[in-house]
Amino acid sequence: MKTPELEKISCQVRRDIVRMVHAVQSGHPGGSLGCVEFLVALFFEKMTHKNEFNMDGENEDLFFLSNGHISPVLYSVLARSGYFNINELKTFRNIDSRLQGHPATKEKLPGIRIASGSLGQGLSVAIGACEAKKLNKDTKLVYCLCGDGELQEGQIWEALMYANAKKIDNLIMTVDLNKQQICGSTEEILSLGDLNKKITSFGWEIVEIEDGNEMYSVLNGINSAIELTKQKKPVCILLNTQMGFGVDFMMGSHKWHGIAPNDEQLEIALDQLEETLGDY
Amino acid sequence: MKKIELKDTRSGFGAGLLELGKANPNVVALCADLTGSLKMDAFEKEFPERFFQVGIAEANMMSIAAGLTIGGKIPFTGTFANFSTGRVFDQIRQSIAYSGKNVKICASHAGITLGEDGATHQILEDIGLMKMLPGMTVINTCDYNQTKQATIAIADHIGPVYLRFGRPKVPNFTPKNQPFIIGKGIKLKDGIDVSIFATGHLVWEAIEAAKKLKEKNVSAEIINITTIKPLDKKIILDSVKKTKCAVTAEEHQKLGGLGGSIAQLLSEEMPCPMEMIAVNDKFGESGKPNLLMKKYKLDSTNILKACEKVLLRK
């Protein structure tokens, strides 16, 4: 798929996100909007995945969302890439919905392989899936997306240490570096320091994507990461994004981490996002 | 009389795991730097490619185990009961129980019989933590043979399981090849005056107590509750229907343990006088296991006293 087409999809995914969060007046638009290009690039271009969802995911690339609160972007991308009908996006966070506030497996939503929400666990789960692929002689890759604030959880560092020590070379972790968390900037709350140096010192290969909201850069970055897995090491993408990207009043602030736009704000947001593929 | 051999339950786990490794290529094992203590060495030696030494990182181990199920593996995690539950409750809750993953959490050194290491390691809250999780099966075995059979049985059960066993050598009295049926209690002795429901190391103490009761012309029925969740309601209700009173015995806190589960069942279905042998809202301490069991009133003498007391309340 060409870059302009992927950009079109991204625009529609952004509309889905703000409409979903607005409809239920809850959810996390900020981080969701920032990760749109990355997830669209993965699901529509880079990952090989089967149309029929199968929990074991043998002989296909797998994706794990560790920072489960950005479920709106994942649900939209899953629906738009054919895992389930886009009309189901209407049910986000409602009672009896398969689209739980944070991703869950209990309701059997196609595309979800693990519950996430309590932070710090997804990278370890992804490593487990990598180990299973190795035992099954399955050469496909495992992707895991974490938030940057999430790296304050100690378990992430256990997983980083394990992946290098045990030569997990079928894993691409991505850190969404939007530099914001609920109470403020990551710098103010608990500085992550030089993440590139830290993760490199844990034995990982690093790909830095300077503009994670620019489709061409994202595609190139993912290509480089896939190439680097041949070094027989785990690979980490540092994805620089802007929280709230695409909606001017939500951008660059932690304030839109977890609140929904009101009716008026929704109209302003939708005016900035072209309906490219048709709303759900 | 034939002398009963003493064996540790954890060795039963190690033996069961080795058999499983041979029988089922999807069985994998993970350990957090306690291979020797968990008796997982034989599995590690025989199946190195299916053994994952994760180091001292239990949270990582539980979540990796959850991930291994995606791809059809049946992971068995091994560490002390304290580090298998309390330390990693959230990982178990979200990535294993809520996600419905087929992980077998195998926990040694449970309870006060861990002995000299003291209260930091003597978890007495693990049954409570695990039984509260929706969909979690909770098993506490009483001897080597039963632990081996339970280890083999849980591989065929689809869903998360907590298998609890211990450190010390205890009488190995259950039949060698008695198949382990998840959710089924085992009646060890018929009786008409009082029902004793025991689990884990306390099952042997219950047998000893029943012998002393017999000398006093009290006929005790002994039921080994191997599975705390799901509870074998039928065997419990059938027994209490006959005896009209119950004593529970476990190496765990009174709050949140087997006694609580049985009290809940009986209060709903068949209220009767009941006494509980368990640790009453206390942490343990260092000491020889047998002395600790006496001090914390987890022995046959105290089961006997509880039976006498409950009989007076009938």
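This is a predicted model: local features need pLDDT of at least 70, side-chain atom pairs count only at pLDDT 80 or more; totals for chains, interfaces and linings use all residues.
Figure 1. A salt bridge joins the side chains of B:Lys288 and B:Glu116, with an N to O distance of 3.2 Å.

**Figure 2. Polar contacts and composition of the domain 1 side.** Between domain 1 of chain B and domain 2 of chain B, 25 residue pairs are in polar contact, both residues of each pair having pLDDT 80 or more. On the side of domain 1 of chain B that touches domain 2 of chain B, two or more residues come from each of helix 7 (126-131), strand 6 (137-140) and strand 8 (169-171) of chain B. The residues of this side comprise 14 nonpolar, 13 polar and 6 charged.

**Figure 3. Domain arrangement in chain B.** The domain assignment places residues 6-171 of chain B in domain 1 and residues 186-312 in domain 2. Taken over C-alpha atoms, the centres of domain 1 of chain B and domain 2 of chain B lie 25 Å apart. Domain 1 of chain B contributes 33 residues to the contact, and domain 2 of chain B contributes 33 residues.

**Figure 4. Buried area between the domains.** About 2,500 Å² is buried between domain 1 of chain B and domain 2 of chain B, and carbon and sulfur atoms give 58% of this area. Of the area that domain 1 of chain B buries against domain 2 of chain B, 26% is supplied by B:Ile112, B:Leu124 and B:Lys131, more than by any other three residues.

Technical notes. Residues are numbered from 1 along each chain as its sequence is written. Chains are lettered from A and ligands numbered from 1 in the order in which they are written. Side-chain values use heavy atoms; hydrogens and water are left out. Domain bounds come from an automatic or database domain assignment. Contact means heavy atoms within 4.5 Å. Buried area is the accessible area (1.4 Å probe) that two parts lose on being put together, summed over both. A salt bridge is a side-chain nitrogen of Lys or Arg within 4 Å of a carboxyl oxygen of Asp or Glu. A polar contact is a pair of N or O atoms within 3.5 Å; within protein, one must be able to donate a hydrogen and the other to accept it, and residues adjacent in sequence count only if both atoms are side-chain atoms. Helices (H or I, at least four residues) and strands (E, at least two) are DSSP runs, numbered from the N terminus. Ala, Val, Leu, Ile, Met, Phe, Trp, Tyr, Cys and Pro count as nonpolar, Asp, Glu, Lys and Arg as charged, and the others, Gly among them, as polar.
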